[in-house]
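Me: I'm new to reading protein structures. Could you walk me through one, starting with how to tell what sits inside?

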Amino acid sequence: QLAPLPPMTPAFLKTLNTVCQQCYRDFAPDDVELGVREHILQDLESFVKRQFTGARLRLFGSSKNGFGFKQSDLDICMVLDGQETAEGLDCISIIESLARLLRKHPGLRNILPITTAKVPIVKFYHARTGLEGDISLYNTLALHNTRLLASYAAIDLRVKMLCYVTKVFAKLCDIGDASRGSLSSYGFTLMVLFYLQQRNPPVIPVLQEIYDEEKKPEVLVDGWNVYFYDDLDKLVSPSIRQKNLESVGALWLGLLQFYTETFDFREHVISIRQSAALTTFNKQWTSKYIVIEDPFDLNHNLGAGLSRRMTNFIMKAFINGRSVFGTSVKAYPPEYTSPMEFF
Ligand code: ATP
Ligand code: MG
């Protein structure tokens with residue numbers, strides 16, 4: 001049982017809100033930085049075409065979903081013209097010969113093919129910008145979930161701000177790196193979106209549940225339904241727009257409280273594809289505490305790789321976050337400019 005938080009004064013909420021907005025301003029890339037990513041992509045595509053004539057490269061992940069940082073990696077997916085899916089392709093040997101080719105690119109360093117992972121990739125380092133990146137093949141669902149996240153980000157600026165705050169929080173607390181046994185940025189973003197859908201009144205709708213009468217809400221990719229409502233003009237219109245008017249600061253504290261006080265991890269799945277509750281029992285996912293369902297690949301639990309120790313560590317970070325961000329201090333020591341720096 002957690003000790004109840006003291007009541008928030010308007011002045012404290014205002015400070016919290018400023019901190020959250022500042023976090024977004026400090027970390028969001030500008031148009032120039034986004035342009036640099038597109039430029040690298042174009043350059044790589046024409047280089048790769050020397051050997052793979054019909055190759056097309058596409059950016060996904062945080063270069064495209066609206067929650068990128070200046071130093072975020074470049075997530076790139078390669079497909080071949082005239083080839084719909086990876087079926088019949090020897091992905092491992094394509095990745096290996098792609099790696100051999102990329103070693104000849106003068107601007108790249110540290111080329112490393114990783115063929116043992118579930119999704120084979122070739123990693124690289126782009127010397128001039130200092131950006132790291134990887135290229136995967138036919139990572140088609142990732143392109144669609146990137147588009148889904150980007151749509152949520154475009155509905156309301158508070159979505160973006162809260163995702164930045166959460167990602168910064170996760171990095172600072174060392175709970176946001178899937179390659180080191182914690183949760184991926186993607187997993188945290190799904191947690192934020194789920195919370196914003198469950199808020200009363202909701203901040204965002206469930207895009208996978210909205211559809212026009214005349215259009216069947218089904219688009220199959222790799223056997224999964226990737227349909228979602230993407231008519232953004234209608235979504236931001238006053239008739240559909242959600243009624244929630246809370247500040248980002250209040251929503252941030254609300255998020256920490258939601259995952260420490262309200263949400264029943266044992267009972268429920270974090271699932272952004274439906275507004276009705278989904279139980280861990282129903283999914284047969286009862287062996288893990290943090291259970292996050294991928295919005296398209298319904299067999300995929302983003303929390304599957306978390307150890308019990310890491311789960312505790314993540315939950316403790318949320319509990320500490322709740323008391324740090326939920327407790328007003330008379331004045332910060334002069335060397336601190338924001339509660340973020342307490343971590
Ligand atoms: P960052 O700014 O930290 O790079 P990101 O949104 O790019 O954030 P990554 O972890 O680099 O997050 O993942 C890139 C993309 O790969 C995600 O947007 C998602 O489409 C896909 N992805 C990552 N992890 C998973 C996962 N565990 N399951 C399914 N898809 C994933
Ligand atoms: Mg990324």
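Reply: Happy to! A residue counts as buried when its relative accessible area is under 20%. Keep in mind that this is a predicted model.

Me: How many of the residues of H5 are buried?

Reply: In H5, 12 of the 16 residues are buried, so this helix is largely enclosed by the rest of the structure. Among them are Val159, Leu162, Tyr164 and Phe169.

Me: What does a helix look like along its length, and how far does H5 reach?

Reply: An α-helix has 3.6 residues a turn, so residues three or four places apart point the same way. Helix H5 covers residues 157–172 and reaches 23 Å from its first C-alpha to its last, close to the expected 22 Å.

Me: Now the ligand. Which residues come nearest to ligand 1?

Reply: The shell around ligand 1 has 17 residues, and Ser72, Asp73, Asn145, Ser185 and His300 come nearest. By type, the shell divides into 4 nonpolar, 9 polar and 4 charged residues.

Me: What are the distances for polar contacts, which pair N or O atoms within 3.5 Å?

Reply: An oxygen atom of ligand 1 is 2.4 Å from an N or O atom in the side chain of asparagine 145. For serine 185, a polar side-chain atom lies 2.6 Å from a ligand 1 oxygen. The protein covers 78% of the 590 Å² of accessible area that ligand 1 has on its own.

Me: Where does ligand 1 lie relative to the domains?

Reply: Domain 1 (10–27 + 156–341) and domain 2 (31–142) both give residues to its shell, so ligand 1 lies between them. Among helices, H4 and H6 each supply at least two shell residues, and H4 gives the largest share, 3 residues.

Key:
Residues numbered from 1 in each chain as written. Chains lettered and ligands numbered in written order. Predicted model: local features only at pLDDT ≥ 70, side-chain atom pairs only at ≥ 80, totals over all residues. Heavy atoms only, no water. Near = heavy atom within 4 Å. Polar contact = N/O pair within 3.5 Å; in protein donor to acceptor, adjacent residues only side chain to side chain. Areas by Shrake-Rupley, 256 points an atom, 1.4 Å probe, with all protein chains shown as cover. Helix = DSSP H or I, 4+ residues; strand = E, 2+ residues; numbered from the N terminus. Nonpolar A, V, L, I, M, F, W, Y, C, P; charged D, E, K, R; others polar. Domains from an automatic or database assignment. Expected span 1.5 Å × (residues − 1). Buried < 20%, exposed > 50% of the residue type's maximum accessible area, 1.4 Å probe, protein only.
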